[in-house]
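Good morning, and thank you for coming. I would ask you to look at the sequence and the model together while I go through a few selected features.

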Amino acid sequence: MIVFDKPKALADVPLHYCPGCTHGIVHRLVAEAIDELGIEGRTVGIAPVGCSVMAYDYFNCDMIEASHGRAPAVATGVKRALPDNIVFTYQGDGDLASIGMAETIHSAARNENITIIFINNAIYGMTGGQMAPTSLPGQITQTSPYGRDVTLCGWPIRICELLSELDGPEYLERVAVNSVKNVLSAKKAITKAFRNQVEGKGFSLVEVLSSCPTNWGLTPAKALEWVGEKMIPYYPLGVYKDRTAAKEGEAK
């Protein structure tokens, strides 16, 4: 009896990510959600610019490469042209929260019926470890060697909290993949985000706190600890908006 198998929606190819990077975990969770909902044949993924720029090689569904930060705009166009398809973006913090902030906010404000998987590792990974919009106060990066100074660089952007102030979004949740318990919670959130689209509920975004051992200068094990000790206190896990659940609660 098979108790553990590779998801059909995940391509059987080696991943290019650094040792200890948790992109691979999230890729699997996305693929499992696609398999469980039976939507692989009508799913279109939008790949970003960043560490996951080659996501088009890793999913067994149609994929489109978007210009830096424009994945939500591309996803909006695909979904409006092909409303029966399931469209998701997979984006890092530089792609989504920096150059792509306008696309993110406006697609959420319009409640576009798309799913966004947002990877927050608090740093620019692919380009060498520069400070990101999500880098923590005092965090050392290539462009903040003495630590992020909020008086000069401003405060980190909390995407779920920011988008929760909009009337548009259907569902916003922040999860992490630094422990088995958190990975299981992340799986439920990602599946829910895809199911919301299948049911036509609107814009769903799952923010995933992820590790970057290479650019943090830590071992894979220590990087997972850093997520728990540093990132989660600043970026609390949980549901930030769920309009359907709120309505059901009011009905009771």
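Let me begin with a definition: a salt bridge is a side-chain nitrogen of Lys or Arg within 4 Å of a carboxyl oxygen of Asp or Glu. What you see is a predicted model, in which local features need pLDDT of at least 70 and side-chain atom pairs count only at pLDDT 80 or more, while totals for chains, interfaces and linings use all residues. Residues are numbered from 1 along each chain as its sequence is written, and side-chain values use heavy atoms, with hydrogens and water left out.

I turn to the salt bridges. By this rule the count comes to 12 salt bridges. One of them joins the side chains of E225 and K222, at 3.6 Å from N to O. These two residues are three residues apart in helix α9, so about one helical turn separates E225 from K222. Helices here are DSSP runs of H or I with at least four residues, strands are runs of E with at least two, and both are numbered from the N terminus. E225 counts as partly exposed because its relative accessibility is 37%, and K222 counts as partly exposed at 47%. Elsewhere, salt bridges that share partners join R28, E32, E36 and K187 into one network.

Within that group, E32 forms a salt bridge with R28, and their closest N and O atoms are 2.7 Å apart. Both E32 and R28 lie in helix α1, four residues apart, which is about one turn of the helix. Is E32 buried or exposed? With a relative accessibility of 17%, E32 counts as buried.

A further salt bridge is formed by the side chains of K192 and D242, at 3.3 Å from N to O. This pair links distant parts of the chain, since K192 belongs to helix α7 and D242 to strand β7 (residues 238-242), 50 residues apart. K192 counts as partly exposed, with 26% relative accessibility, whereas D242 counts as buried at 14%.

Now to the overall form. The protein has 10 helices and seven strands. The C-alpha atoms fill a box of roughly 50 × 45 × 40 Å, taken along the principal axes. What radius of gyration would a compact globule of 252 residues have? The value would be near 18 Å, and the protein agrees with this at 17 Å. That radius is taken over C-alpha atoms, and the globule rule is 2.2 Å times the number of residues to the power 0.38. Buried residues make up 52% of the 252 residues. Contact means heavy atoms within 4.5 Å. Of the contacts with a separation of 6 or more, 68% are between residues 24 or more positions apart.

Two elements illustrate the interior. All six residues of strand β5 (residues 171-176) are buried, so the rest of the structure largely encloses this strand. Y171, E173 and V175 point one way from β5, while L172, R174 and A176 point the other way. Strand β5 is joined to strand β6 (residues 204-209) by six bridges, and the two run parallel; strands pair if DSSP finds at least two bridges between them. The bridge partner of R174 in β6 is E207.

I232 counts as buried, at 19% relative accessibility. Leaving aside neighbours within four places in sequence, I232 is in contact with A176, N178, N182, L209, V227 and L237. I232 and L209 are 23 residues apart in sequence, and their C-alpha atoms are 7.7 Å apart in space.

M1 is exposed, with a relative accessible area of 94%.

Note on methods:
Buried < 20%, exposed > 50% of the residue type's maximum accessible area, 1.4 Å probe, protein only.
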